[in-house]
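Please read the report below alongside the sequence and the model. It covers a sheet, a pocket and a few single residues.

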Amino acid sequence: MNNINNASLLTKMTEESHQTLSIVNPANGQTIGHVSKQDNNEIMDAIERSQIAQTAWAALPAKVRAEKLNRWYQLIIDNQEDLARILTTEQGKPLTEARGEVLYGASFIQWFAEEAKRSYGDSIPAPSGDKRLVTIKQPIGVACAITPWNFPIAMITRKAGPALAAGCSFVIKPSELTPLSAFAIAELAYQAGIDRDVLQVVLGESPEEVGQIFSTHPLIRKLSFTGSTRVGSILMTQCAKDIKRTSMELGGNAPFIVFDDADIDKAVEGAIASKFRNAGQTCVCANRFYVHSNVYDDFVAKFATAVSKLKVGNGLEDGVSVGPVISAKAKENIQAIIDRFVDQGAAPVKPIQPYGGLFMAPVVLRDVKHGMKGVQEEIFGPVAPVIKFDSDEELIDMANDTVYGLASYFYSQNIHRIWKVAEALQYGMVGINDGIISTEVAPFGGVKQSGIGREGAKQGLDEYMDVKYLCFGGM
Ligand code: SIN
């Protein structure tokens with residue numbers, strides 16, 4: 001790796017602390033590295049250092065913070081290949097996807113470097129002639145994040161980018177399963193001139209303990225979390241005591257809808273992209289498919305044929321499009337969901353090929369009914385249950401029949417239907433004739449139990465800023 005001295009980083013961390021964590025490649029079970037875990041006191045120290053560093057960081061002109069962020073962006077781009085290989089080795093996704101994630105992750109740093117210079121306030125017409133009213137925006141202070149294993153780089157940069165741009169300092173706890181990517185990009189931030197106390201990566205004694213510290217420590221003003229709704233709810237409850245701000249990007253149960261006026265080939269293309277990206281392990285992956293009865297057989301046949309061409313294997317190998325799932329427990333859960341659907345009368349369109357290790361064949365299940373057990377669950381794996389529908393009204397009820405509200409997708413070529421359905425879907429994001437909606441320029445986030453707050457876009461910066469109102473009297 002050009003700029004990342006992993007060996008010295010890891011040795012330093014091992015010397016400094018007591019416990020180490022082994023990082024395992026999900027494609028072959030081999031240990032690929034060790035990182036140290038901090039104890040609770042070390043995490044408290046990190047937060048205190050973060051508080052001291054934040055004052056100086058916030059005092060820098062936004063333009064200077066932006067320059068440092070732009071340098072960080074460029075270093076990530078320069079190291080794309082090495083970062084992608086670290087990512088695939090610890091997380092499992094195919095190398096092409098990992099390269100894409102590095103670019104996607106870097107895009108948040110670049111976007112927020114620009115936004116840093118545009119955190120404008122307002123001038124408000126006063127209700128009386130002797131007053132002048134304005135608002136300014138100021139950084140919240142020390143912010144922290146708990147990030148998941150499915151996007152070990154992008155879920156960090158989507159939070160760190162706006163936090164640092166706003167003038168916050170930032171403490172991150174990455175997933176214990178994928179910390180190497182986190183340490184690698186943090187190292188590049190330091191090389192870009194971002195102070196080590198402004199951006200810190202910590203791994204604690206347990207995720208629960210770090211969550212407890214982050215959500216109760218008096219110096220922390222904001223917690224951003226990406227993960228399950230269950231854990232998000234615990235963290236929000238803990239944060240409520242001291243009225244800490246939170247951003248929560250939680251579970252999803254995305255419907256993928258194909259109307260009978262859809263371009264079926266395009267719908268199949270979108271379905272493959274949306275369902276099998278990262279082996280189905282994203283919060284925005286299509287989770288259940290609703291296809292109009294007039295085109296059901298056609299869609300299912302074409303979809304299953306496209307799925308049968310996906311190559312399962314080690315993400316470092318050429319041509320692989322579906323890597324391993326993250327753990328034995330995940331594989332067990334996904335298999336249980338398939339078995340439950342089959343027990344209730346659903347059927348795999350093609351015979352399911354058994355794979356060893358953490359690999360799983362991508363599966364299309366037909367004859368699934370909306371009322372079956374499993375339809376309400378977030379699958380987080382390469383399984384596509386396909387349900388038939390007949391009317392738009394019935395479809396909207398079924399699509400909205402979930403506690404989640406993150407992403408949704410539909411394919412139609414009728415502009416009247418497109419507007420009606422887009423407005424009726426109770427989701428934070430709607431892909432219309434498109435299976436990939438994620439981008440740094442648009443607000444990512446959900447409604448209902450899928451979370452609160454938005455990441456990326458112009459909205460992303462506000463999550464790390466307070467609005468202050470200034471009232472000038474006697475003018
Ligand atoms: C996620 O799964 O949480 C993020 C997916 C994305 O950014 O596209």
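This is a predicted model: local features need pLDDT of at least 70, side-chain atom pairs count only at pLDDT 80 or more; totals for chains, interfaces and linings use all residues.

Residues are numbered from 1 along each chain as its sequence is written, and side-chain values use heavy atoms, with hydrogens and water left out.

**Sheet**

An open sheet of mixed pairing is built from seven strands, ordered S12-S13-S14-S11-S10-S15-S16. Strand S12 (347-348) and strand S16 (429-432) each have a single partner strand, so one side of each is left without a neighbour in the sheet. Helices (H or I, at least four residues) and strands (E, at least two) are DSSP runs numbered from the N terminus, and two strands pair if DSSP finds at least two bridges between them.

S16 pairs with strand S15 (residues 407-411) in the parallel sense, over four bridges. Within S16, Ile432 is the bridge partner of Phe410. Helix H10 (residues 264-276) packs on the sheet and touches S10, S11, S13, S14 and S15. Contact means heavy atoms within 4.5 Å. The direction of H10 makes about 165 degrees with that of S10; axes are lines fitted to C-alpha atoms, for helices over the stretch in contact, and angles run from 0 to 180 degrees between N-to-C directions.

Ser408 sits in strand S15. Leaving out residues up to four places away in sequence, Ser408 touches Pro255, Leu425, Tyr427, Met429, Val430 and Gly431.

The largest pocket is lined by 38 residues, and closest to its centre are Trp149, Gly227, Ser228, Arg230 and Val231. Helix H9 (229-240) is one of the elements that give two or more residues to this lining; H9 provides the largest share, six residues. A pocket is an open set of points on a 1 Å grid over the protein atoms alone, where a 1.4 Å probe fits, with protein on both sides within 12 Å along at least five of seven lines; lining residues have an atom within 4 Å of a point.

**Accessibility and phi**

Buried means under 20% relative accessible area, exposed over 50%, and partly exposed in between (1.4 Å probe, protein chains only).

| Residue | Relative accessible area | Class |
|---|---|---|
| Ser408 | 0% | buried |
| Lys448 | 38% | partly exposed |
| Ala457 | 1% | buried |

Most residues other than glycine have a negative phi. Lys448, in the loop between S16 and strand S17 (451-452), has a positive phi near 50 degrees. Ala457, in helix H15 (residues 457-462), has a positive phi of about 65 degrees.
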